[in-house]
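Hello,

Here is the structure I promised to pass on. Please open it and read the notes below alongside it.

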2 protein chains.
Amino acid sequence: MKTFFTLALFMLCHTASAQIIYSPSGVMRAEFKLTDRGEPSYSLFLGKKEVIKPCKLGLVLKDAPSFTEGFTVLRTDTSTYFEVWQPVWGEVRNITNHYRELAVKLHQAQSNVNLTIRFRLFNDGLAFRYEFPEQPQLTYFIVVDELTEFQLTGDHKAFWIPGDYDSNEYPYSITNLSQVDATIADRHTEIGVRSPIGKKFVQTPLLLNTDGGMYINIHEAALVNYPAMQLQVKDNALLMSHLVPDAVGNKAYLQTPFQTPWRTILASYKATDLLASKTILNLNEPSKIANPEWIKPQKFLGVWWEMHVGLATWNYANQSNIALKNTDWKSLTPNGTHGATTLNTKRYIDFAAEHGFDGVLVEGWNVGWEDWFGKWKEDVFDFVTPYPDFDLAELKNYAHDRGVKLIMHHETSGSVTNYERKLDEAIHLMKSYHYPAVKTGYVGKIIPRGEHHDGQWMVNHYLRVADKLANNQLMVDAHEPVRPTGLHRTYPNWMASEAARGNEFNAWSVGNPPEHETILPFTRLMGGPMDYTPGIFQIKMDFFKPGSPYQVHTTLAKQLALYVTMYSPFQMAADLPESYRARPDAFQFIKDVPVDWDDTRVLLAEPGDYLAIARKAKGKPDWFLGAITDEEKRALPVTFDFLDDRQSYVVTIYGDALDAHWKDNPMAYEIKKFIVNKRSVVKLNLAAGGGAALHIKPASAEENKKVKRYRPD
Amino acid sequence: MKTFFTLALFMLCHTASAQIIYSPSGVMRAEFKLTDRGEPSYSLFLGKKEVIKPCKLGLVLKDAPSFTEGFTVLRTDTSTYFEVWQPVWGEVRNITNHYRELAVKLHQAQSNVNLTIRFRLFNDGLAFRYEFPEQPQLTYFIVVDELTEFQLTGDHKAFWIPGDYDSNEYPYSITNLSQVDATIADRHTEIGVRSPIGKKFVQTPLLLNTDGGMYINIHEAALVNYPAMQLQVKDNALLMSHLVPDAVGNKAYLQTPFQTPWRTILASYKATDLLASKTILNLNEPSKIANPEWIKPQKFLGVWWEMHVGLATWNYANQSNIALKNTDWKSLTPNGTHGATTLNTKRYIDFAAEHGFDGVLVEGWNVGWEDWFGKWKEDVFDFVTPYPDFDLAELKNYAHDRGVKLIMHHETSGSVTNYERKLDEAIHLMKSYHYPAVKTGYVGKIIPRGEHHDGQWMVNHYLRVADKLANNQLMVDAHEPVRPTGLHRTYPNWMASEAARGNEFNAWSVGNPPEHETILPFTRLMGGPMDYTPGIFQIKMDFFKPGSPYQVHTTLAKQLALYVTMYSPFQMAADLPESYRARPDAFQFIKDVPVDWDDTRVLLAEPGDYLAIARKAKGKPDWFLGAITDEEKRALPVTFDFLDDRQSYVVTIYGDALDAHWKDNPMAYEIKKFIVNKRSVVKLNLAAGGGAALHIKPASAEENKKVKRYRPD
């Protein structure tokens, strides 16, 4: 059910005085005004506290250098919007979209151009965008800079990653803004492609925490046909938008009517409320997919982790010099370590079928992996030719007979021109062999050369792929794309993205510190689901490679908790079947945990420290709860007041063993069952780098008798 | 029949002394040696006269700055090659490929890289290229500069156009090298997209004429996976290669084994011999098309010239702001001037059928023309959606019933990413509607932005399109591509290119001076056929647009002669049907002239002045002769010794009337018939800017009686 109320519409002409709006509850206040020089400016309050001090808005257009000032207000319109809508999939069944809107219609004298700045003020944040209506004076134009400012009230604590045109796969730093030093990017040689911008540049979503205890998240929503916004830290408290440039240094090629993405500022004194915000999603357009029955959230396994841990390879042969077109693949000498063989894939299909998984991702199935990386090579992959030991037709039937679907993989190596020219053929193959979804990858410097992962051209590419796949009833999970901005509302076949430092970094690098997963939900995940690939049971890599110093920086129990804390409708059980076979009791949680939800409650949250989230399974009375901590051991009391008070529940707690520790004893877990109810307060003992995963389901009469009640220590 | 003789193979190790080879007849001599610093160098003689004085060869590789010196010779191989091969179509039935080869295998100490420089010395010129064999030390590499020098013997007269990364549509300048001033490029605002390089840069094919009467042509052959070579004029007599850069300033991304295109230096004291050279063609690889029966040279009409003269428009509606995806084309208000309507196309089909033409090109049939030009807009055209007034299915049947084929048109506006991602779909449409060929167009700044028409990426694109079309048995005629380098030997479905200043410039700009067509065969056409679109009968544009100052800068008779002098297997009869209906006697020549030949004789030639070429129709005894002049009126005596001496011939001379003049009286022609034989010497009186077109066929007994013998005045 969708409801639309326009409660009011005002018109105010030619006023130079400030325009003030309040959020629906009145808790937030935003103000627009023109400076003496006719520059647009704004400010934002949460209650009586300033969030953003008065600061400027503006764009620099090519061939119109004066466009930053000399504006007059033609007209302002305010209105209120309220709707409740249902996502195709999501963390909650119903989403409320409620805001107060102010549209300021401006005219710039020298260029004779009209510009509208539209503000939407929600109870948890402000969004605004620049709109260029169709007008005789302006049709095609080029944006060379955006001058949006975010003037903060002080030198806040920031959770940041270095500004970079090509990578968002950095671990987070937590420093005051004045201490931001993004040259640490230079150290992260484990990242495939980096283009750090400079010392004082950071990325969004940026999380800030003020001395006064306010949490602020700065990001953008509905990034369409525009480059990603990064932020330059100036004077310790001023953030300035910095758009990712194209190959010739321009930012965006535009045609009226056009609106930029929304710039978003979420603010709350409660970290839990920030996490529950649906404002970024609400700022996106409704779904363009009319009949989305074919879109299915799912759990999947993959011929994948075995490559990361070094047991297998993506490539079929060991050659460092392959010409895609001229190679007779059958004539190559197999290296004996190729992961994506028919036989091995069948092993995964069998395991998936046995344990009720929907899909099996297979990477390395198609030719080109021998020399795919780091060459800036254009003709690197095709997306239709399997290696000689991978039988598409046989696997299609084998999977079908067992009720499993294979998930396609399209690694582009960043050669996107190559991918785009072959996409029609690739889609044809997917449809022919009944693949429902594809994981795309962009590990490499972009071709067209000079373009960046986060520039306008690539932003358009990701969406073009999502759109084209939607037209073919195919789902997509994009790896190494620009970070999400809520576009999964509009394209609900865009199930997930990576777009941050995922779990695989733990397999072969310094990895992700224990706090990493307590920060991601406040930053990267604000824009949309992440395919983080949780579920690693075999924590230390020396199990696979004797002497390896690498490990996952969590306990096993925390890996289970991530299925709840790291929301995604596309969740991988990333470890090897053998790892799961060795611990069937723990694996049971992965089998049971859903990927689509009726409700979500953020119970406890402190970015960089800990997190506890409860979610109700879609269409079922079961709840699942995930709690995680950073490198500190903690006892977290979680309340169960989300439960139905008419009954009792059995909670199965997959928790850290008493002596567990992410480094010293990461795989020690224990599984306990208790009877709980709405009034229970369960203390979860999380080891250092640990977590707990809870499955809470209505207790049967027998369980009510047999299972002991939960009692606090 | 193909014959291959390897006459000799020598091996010479570790020698620092010069390597000398002679051409098969001994007329040319080339020398290779290393300088004292280990730099490769070469020189070239024609007879006893130096063509190229000793000068350097070299490439600069990224991350290997020392690669220009420190070479040692590992080994040299010499051999002789002789073959006679038959092109799928061409100027002659048999082509002799005869050269002496020298391969110098070099080693560069610091980089530990092996490089072969291969020379092929023909009787009319030298070619050489750089080859990087597969080797452990080098797999992927980037060329950042090429240092090939052409050290001439003096400040020669040059026929040049400005060096430019994006356009070759300039008129020629004739100056000594010391007087080259390519800043004249700035004046040519009639050219859609220009990127002139600088004052002393010119393009190839460059024609030079020495004080000693030698003609030299510098160009390249087999331009594959490499940027075009332009030339920097240094010190008045030194030409230095200058490669077209990519978006980030690199020149070429390469993978071993790789060979650069051939750098070619043709030299002769006879301008006629230079024109007859097949060396550039011979340097290309044999045809990749195994069964070329579907490749058909042809003459065609087009819904085209009427747009250039202003009678019709490519666009259907007058809107300056169109979004391709969101436009309901049927809802637009037609402008009433759209050329590509079903009705108008039928008119051309009827005319083509009546007069025996093979094809009808239709431009402006597909949506997107409203705002296609000059916007650097990516989503500009699709290649499958016709305007509402163009009925693909109806026209397919209408053309088929009349034995005519429509020719497809794909204007990209330079948005090549857009074209490539839609090419599969576009080809599918072509096949569905029985189009045998496509004219492509690249009028606009290239997207990927920062790339250029003549850079490696685009060079690969043109060939990718030719290759993909070949796989679908489709022919291509590329407009605004890089200039040809003989690749039509390898891809004989690549029928023609524009790649120079074509006839249409006469319709709406200062146009092409009368000398233009006497230079093109020595320059642009050395690389391959040009779709020059001759056959304009209505010479002055004020016929269509009263007051127009524009006109074709030739007489009507010269337009006929161009069908012989401007070789192409794809020849347009470019004017309107009405223009031809008004002059059926002159039109008869266009109807009769073939587009494929058994033999060609260049009778007279002086670049910039005049030209007379005779060609024998493929599989027929008929000969055709074209003679043209520049702005000077001339009487050219042409000998007929190419005729079979066992019989007499009727020659029909389509010549300038006595009072004809390109400016004052361009449409005055007269048609005469005579009996001629092998011993005849016919004086052709060419008006200023005029020409003559001759059809020579065996005389019947009756003609021998009735037609008068030719007598000199």
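Tyr442(B) sits in the loop between β25 (437-441) and α7 (456-471) of chain B, and Tyr462(B) is in helix α7 of chain B, 20 residues apart.

Keep in mind that this is a predicted model.

Over all chains, the structure holds 74 aromatic pairs. One of them is stacked: Phe357(A) with Phe587(A), 5.8 Å centre to centre and 10 degrees between the planes. This pair links distant parts of the chain, 230 residues apart. Phe357(A) lies in the loop between α4 (342-355) and β24 (359-362) of chain A, and Phe587(A) lies in helix α12 (residues 584-592) of chain A. Phe357(A) counts as buried at 3% relative accessibility. Phe587(A) is buried too, at 2%. Ring pairs also join Phe32(A), Tyr42(A), Phe119(A), Phe128(A) and Phe150(A) into a cluster.

Now the interface. Chain A puts 34 residues into the contact, and chain B puts in 34 residues. The buried area is about 2,600 Å², with 47% from carbon and sulfur atoms. There are 4 salt bridges across the interface. Arg421(A) forms a salt bridge with Glu420(B), with the closest N and O atoms 2.5 Å apart. The count of residue pairs in polar contact is 16. On the side of chain A that touches chain B, α6(A) gives the most, with 5 residues. By class, that side has 10 nonpolar, 8 polar and 16 charged residues.

Best wishes

Notes: Residues numbered from 1 in each chain as written. Chains lettered and ligands numbered in written order. Predicted model: local features only at pLDDT ≥ 70, side-chain atom pairs only at ≥ 80, totals over all residues. Heavy atoms only, no water. Contact = heavy atoms within 4.5 Å. Buried area = accessible area lost by both parts, 1.4 Å probe. Salt bridge = Lys/Arg side-chain N within 4 Å of Asp/Glu carboxyl O. Polar contact = N/O pair within 3.5 Å; in protein donor to acceptor, adjacent residues only side chain to side chain. Helix = DSSP H or I, 4+ residues; strand = E, 2+ residues; numbered from the N terminus. Nonpolar A, V, L, I, M, F, W, Y, C, P; charged D, E, K, R; others polar. Phe/Tyr/Trp six-rings, centres within 6.5 Å; stacked < 30°, edge-to-face > 60°. Buried < 20%, exposed > 50% of the residue type's maximum accessible area, 1.4 Å probe, protein only.
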